[in-house]
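Here's a walk through a structure, one neighbourhood at a time. Keep the 3D view open and click along as you read.

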Amino acid sequence: MTYYQKKYDIIVVGAGHAGCEAALAASRMGCEVLLLTIDLDKIAAMPCSPSIGGMAKGQLVKEIDALGGEMAKITDQSAIQYKILNMSKGPAVRSTRTQNDKLRYRTAMISVIENQQRLDVKQAMVDRIIVENQHIVGIEDHTGFCFQTDAVVLCTGTFLSGLIHIGTKKIQAGRAGEFASYPLATQLKELGFQLGRMKTGTPPRLNKHTIDFSQFEIQEADDNSRPFSMFTASIPLIQHPCYMGYTNAVTHQIVRHNLSRSALYSGQIKGISARYCPSFEDKIVKFPERERHHVILEPEGLENAEIYASGLGNSLPIEIQVDIVRSIKGLESAEIMRPAYAIEYDYVHPTQLTNTLESKKIHGLFMAGQINGTSGYEEAAAQGLWAGINAACAVQKRPKFVLDRSQAYMSVLVDDLVTKGTREPYRMFTSRAEYRLMLREDNADSRLTEIGYELGLVTRSTLDFVKEKQQTIDKEISRIRSTILKPTDQVNHYLTSKGVMAIHHGIPLDQMLKRPMMDYDIVQQFYPSEQHLNEQIIKQVEIEIKYEGYIQKQLKEIEQYRHYEKIKISPAIDYTTLDGLSNEIKEKLQSIKPATLAQASRIDGMTPAALSILRVYLKTFYIKNNVTT
């Protein structure tokens with residue numbers, strides 16, 4: 001084998017959203033990093049939706065930003081529409097979503113990657129990882145050329161044994177027009193990894209000049225949009241609308257008549273598709289009572305003509321796709337620029353990874369993104385950051401980077417994957433986070449920036465800025481709690497205008513603010529702060545006061561949860577010898593090797609009785625082996 005003369009601390013394979021965050025994090029922490037990609041022109045490509053964020057995904061992007069990652073900054077440079085989802089609901093489930101110019105996103109990220117110190121970027125397809133004594137020592141590309149390294153982060157996306165389906169046509173590809181990686185998937189199986197097969201898809205892209213937008217409902221950006229990143233001072237691009245229309249009975253009939261020609265329903269596709277993002281054929285078959293489905297037209301950029309037809313993803317032949325599109329009001333003359341397609345790919349069952357996203361089988365091998373069974377740019381980027389940080393920590397002999405479920409959405413994501421695994425493309429939802437009231441978008445910086453600073457990913461000035469902001473919030477909350485709202489004529493007139501009963505004696509201002517019809521405006525009206533407070537600070541003050549009771553309750557739940565997290569479990573335990581546990585539980589414990597009792601409690605099928613047996617056994621085990629938990 002021929003080796004490159006330079007040895008790298010870490011090699012990142014794949015330059016999608018996971019690979020970019022992994023490579024940047026590791027290099028910024030002081031490692032020499034090599035980022036390998038099949039096509040240098042496709043770094044940080046957005047192969048499907050032109051949007052970033054959304055429900056729970058927006059929280060992930062904010063957390064990446066707070067830890068010193070890049071996604072939020074690049075999003076702000078390329079965003080052409082901002083919206084806050086769930087504004088009518090509580091703050092725990094509100095999330096930012098943007099529409100983005102795909103070319104600008106990719107170009108901005110390429111610039112950051114190529115100008116990052118200690119980060120080399122090369123075009124190559126990796127065929128094999130080189131392993132000696134269960135340790136990573138290098139990689140070999142498709143030409144037989146090799147690179148030495150101590151750690152590898154696999155961020156292969158949909159490229160592992162990728163197979164595109166358009167009707168009966170099959171194309172070996174990682175994405176349309178790009179090579180798939182088959183030798184690497186074969187080697188992972190040979191190394192003993194259990195692989196599964198998943199399926200995703202993308203809708204057709206339409207030429208905007210052939211669309212009658214007057215037949216669609218316009219969806220404008222929110223007023224007073226705020227940037228995603230705390231490092232972005234202002235939004236640079238003009239905001240543009242999306243458009244919403246509907247399918248109809250004719251559209252649905254076309255699909256029903258041609259199901260046998262669908263790769264998904266002809267039995268051609270074996271991979272498991274996402275339950276929460278069904279193809280158009282799936283919608284017609286599984287929801288026959290629905291008379292129409294949404295079609296949202298999203299611009300893919302400011303200068304190009306492509307429109308992303310969200311909601312019309314399918315695996316039908318192109319001629320059928322044309323009929324489907326043109327059956328929709330406003331799309332009668334629409335031209336398809338890129339057809340919809342489905343893609344199957346291999347993934348590694350994530351229960352074979354530790355909570356650092358390192359393989360249990362091979363030291364120094366980390367995995368992030370769709371290779372772990374997830375779906376979405378944001379989930380991929382969060383895992384990439386997590387794996388890149390941990391690869392750097394491993395190389396530098398630093399303590400591993402692991403957050404618990406009460407600290408971040410990304411830790412919920414990682415814990416779900418390595419503890420429960422997934423048999424379908426995993427997507428983040430607010431409902432997956434049991435402590436979501438504490439994991440809001442608005443407090444991501446106060447939760448995680450100090451951790452980013454300790455890792456070397458956030459500057460001291462940024463940390464000081466975040467701390468000063470939190471001090472301002474705490475000071476204002478304290479001021480409001482110590483203020484008494486007096487029953488003056490002006491106050492009572494204000495209250496009755498808001499639908500609140502007049503008061504006849506003084507009442508603590510924070511108690512009044514907790515009432516449903518009240519907001520921070522009452523503070524500004526009668527007891528304004530001497531210090532200028534921006535909108536973000538005001539919102540956090542209001543949330544902390546209004547939801548104080550719920551927050552205190554959740555803090556108690558977190559305290560109990562962390563008690564279980566403190567009970568460590570030795571990886572040396574042989575669960576097959578435990579009496580009183582079912583064979584199923586024994587097998588899962590032996591396979592997953594939970595790091596704590598809390599993680600063991602989250603394993604699918606774990607019962608209170610089994611957990612009690614395990615806890616008793618742990619006491620005996622640690623006394624016998626003279627180990628302190």
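Start with R28, which touches G68, E70, V112, Q116, R118, G456 and L457, leaving out residues up to four places away in sequence. Keep in mind as you look around that this is a predicted model. R28 is found in helix 1, residues 17-28. With a relative accessible area of 22%, R28 is partly exposed, because buried means under 20%. The chain also brings R28 and Q117 together: they are 89 residues apart along the chain, and their C-alpha atoms are separated by 7.6 Å.

One of the contacts of R28 is V112, and V112 is among the buried residues of helix 4, so let's go there. Helix 4 covers residues 102-114, and at 1.5 Å a residue its 13 residues should span 18 Å; the end C-alpha atoms are 18 Å apart, which agrees. Which residues of helix 4 are buried? They are K102, Y105, A108, M109, I110, V112 and I113.

Now for T430, which sits in the loop between helix 10 (409-420) and helix 11 (444-455). Is T430 buried or exposed? It's buried, with a relative accessible area of 14%. Beyond its neighbours within four places in sequence, T430 is in contact with A56, Q59, A92, V93, Y409 and R436.

Take A56 from that list. A56 lies in the loop between strand 4 (51-53) and helix 2 (57-66), and at 0% relative accessibility it counts as buried. Its phi is near 70°, a positive value in a residue other than glycine. L357 has a phi near 70° too, again positive without being glycine. You'll find L357 in the loop between strand 21 (341-348) and strand 22 (365-367), buried with a relative accessible area of 0%.

On to the aromatics. How many aromatic pairs does a search of the whole structure find? Nine. In one of them, the rings of Y4 and F145 have their centres 6.3 Å apart and their planes at 65°, so the pair is edge-to-face. Y4 lies in the loop between strand 1 (2-3) and strand 2 (8-13), while F145 is in strand 10 (residues 145-154), so this pair ties together parts that are 141 residues apart in sequence. Y4 is partly exposed at 22% relative accessible area, and F145 is partly exposed at 27%. For another pair, look at F213 and Y243: their ring centres are 4.6 Å apart and their planes are at 45°, so this one is tilted. F213 lies in the loop between strand 14 (205-207) and strand 15 (217-219) and Y243 in strand 16 (residues 242-246), so the pair ties together parts 30 residues apart in sequence. F213 counts as partly exposed at 22%, whereas Y243 is buried at 19%. Back at Y4, there's also a cluster to see: Y4, Y8, F145 and F147 form one aromatic cluster.

Last stop, charges over rings. The charged end of K73 sits over the ring of F231, 4.5 Å from its centre. Likewise, R432 has its charged end over the ring of Y426, 4.1 Å from the ring centre.

Definitions and conventions:
Residues numbered from 1 in each chain as written. Predicted model: local features only at pLDDT ≥ 70, side-chain atom pairs only at ≥ 80, totals over all residues. Heavy atoms only, no water. Helix = DSSP H or I, 4+ residues; strand = E, 2+ residues; numbered from the N terminus. Buried < 20%, exposed > 50% of the residue type's maximum accessible area, 1.4 Å probe, protein only. Contact = heavy atoms within 4.5 Å. Phe/Tyr/Trp six-rings, centres within 6.5 Å; stacked < 30°, edge-to-face > 60°. Lys NZ or Arg CZ within 6 Å of the ring centre and 35° of its normal. Expected span 1.5 Å × (residues − 1).
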